[in-house]
Amino acid sequence: MRCDIEIYFPYQKSILRYSYIASSAYSTEGIAGKGFPTRPPACSDRVFLNLYNLLYHNRQLFCFAFVLIFISACSTAPVIDPSVMIKSKPLITFVFDDGNETDYTVAKDIFSARGEVASTAVVTGWINTKDYLSVSQLTELQQTGWEIMGHTVSHPNLRDLSESQLEAELSQSKAALEGWGIHVRNMVYPYNKSNETVRRIAAKYYRAGRAGQKMMNSPGSDPYDLKSYSCELSFWHKMDDIKGLIDRAYSEKKWLILYQHLIDAKIRISGKRGVFVPGEMLSFIPSGAAGKYIKDSLWSIQFVPLSGTPQPGDTVTGLSSGASAKLWEVYYNEREALTEMIEYVHKKYPDMQIVTIDKGLDLLEIR
Ligand SMILES: [Zn+2]
């Protein structure tokens, strides 16, 4: 015999429904004469009947248990502190890692012209060496409102060091900067790498430490594990990606930290004549742009974009060597890119502050 049965739990919500086929093996007593259920494939008739009786006769108990589990799950869910949400605000910080001379020769003017400042994280062992910042440039950046951050003495992977070596790298770099009259409160971990020991020792000398990890920061962030994104452009990392991050930081009221290293440009060339000399000045005619040669290949030149905007059709000439080439395409120009990022924030989000790391910590009360 075949018939249907439903199990009604409180609130008359039908949650189980089975079809039954009568069997001579078991009585129907346990289910009030409503027939035998068809058992699931991996379940014997006796086990299924016992389970059915358990559910049917203890439905209120099961409902009570379900409510208890639900309440327990709610009580362990993360609770957002309303005061933390109030402190939240969209911020953006630009950090230049390693203390390249381009922080002074390129970035300083870009930021100053737009009433903004940035942070530079310097390796003290590289200060006053070729292509890196000098002490006088550092001092001028600080006077302009830039933040000078520690980035160790010799740029090691801090995870590989003993505690005594860590102490030396983190304390001596800070002492060297202070000896030059530079105020330093925060640091950047070389290669964005840290661990618990590194952060513990960093906390002895610095207010905060920045890593990478492609995330944003908020009032509850760990000051010794600040997150950041690279803003160096490449074939895989376009300006639209950076703008998307800025959009998200604004809409989610997060603190976006962007970092990069040397500020350079790369162009595709043709018709190269002569040999360019490393470090020589480049002129771009007719655009009137100027640059400082870094290196080249048969098809490209990499240089520091010092002023103006090199354009396709320009003839690029080395002022010392007399070498020249035709500019066919600008692969990237980080001078232009930085300018575009700042102006994007100014035009689209005028109330989004561009701050140093130290100012961001103050505004979000991260401690
Ligand atoms: Zn570095």
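**Definitions Applied to a Predicted Model**

Tutor: In this chain, helix α8 and helix α9 are roughly parallel to each other. The structure is a predicted model, in which local features need pLDDT of at least 70 and side-chain atom pairs count only at pLDDT 80 or more, while totals for chains, interfaces and linings use all residues. Residues are numbered from 1 along each chain as its sequence is written.

Student: Why are α8 and α9 called roughly parallel to each other?

Tutor: Helix α8 spans residues 239–251 and helix α9 spans residues 334–348, and the two pack at an angle of about 30° with their axes 11 Å apart. Angles under 35 degrees count as roughly parallel, over 145 as roughly antiparallel, 65 to 115 as roughly perpendicular and the rest as oblique. α8 and α9 are therefore roughly parallel. The axes are lines fitted to C-alpha atoms, for helices over the stretch in contact, and the angles run from 0 to 180 degrees between N-to-C directions.

Student: Which residues make the contact between α8 and α9?

Tutor: M239, I242, K243 and I246 of α8 make the contact with A337, E340, M341, Y344 and V345 of α9. Two residues are in contact if their C-beta atoms, placed from the backbone, lie within 7 Å. α8 passes α9 in a right-handed crossing (left-handed if the near helix is turned anticlockwise from the far one by less than a right angle, right-handed if clockwise).

Student: What makes α4 and α9 roughly parallel or oblique to each other?

Tutor: Helix α4 (residues 102–112) packs against α9 at an angle of about 25°, and their axes are 10 Å apart. α4 and α9 are therefore roughly parallel to each other. The crossing of α4 past α9 is right-handed. V106, A107 and I110 of α4 meet R335, L338 and T339 of α9.

Student: How many helices and strands are in the chain?

Tutor: The chain has 10 helices and 16 strands. Helices (H or I, at least four residues) and strands (E, at least two) are DSSP runs, numbered from the N terminus.

Student: How do we know whether T152 is buried or exposed?

Tutor: A residue is buried if 20 or more other C-beta atoms lie within 10 Å of its own, exposed if 12 or fewer, and partly exposed in between, with C-beta atoms placed from the backbone. T152 has 24 other C-beta atoms within 10 Å, and is therefore buried. T152 lies in the loop between β5 (147–150) and α6 (163–179). Its phi is positive, about 75°, although T152 is not a glycine. Most residues other than glycine have a negative phi.

Student: Is Q213 called buried or exposed, and why?

Tutor: Q213 has 11 other C-beta atoms within 10 Å, so Q213 is exposed. Q213 belongs to strand β7 (residues 208–213). Phi of Q213 is near 70°, a positive value in a residue other than glycine.

Student: What joins I285 and P286?

Tutor: A cis peptide bond joins I285 and P286, with omega about 15°. P286 is in the loop between β11 (281–285) and β12 (290–296).

Student: How many residues has the largest nonpolar core?

Tutor: The largest nonpolar core has 77 residues, and those with the most contacts inside it are I92, V95, A118, I148, L256 and L258. A nonpolar core is a set of buried Ala, Val, Leu, Ile, Met, Phe, Trp, Tyr and Cys residues joined through C-beta atoms within 7 Å. Among the residues that V95 touches are A118, V188 and I257. Of the 367 residues of the chain, 34% count as buried.

Notes
Lists of a residue's contacts leave out its neighbours within four places in sequence.
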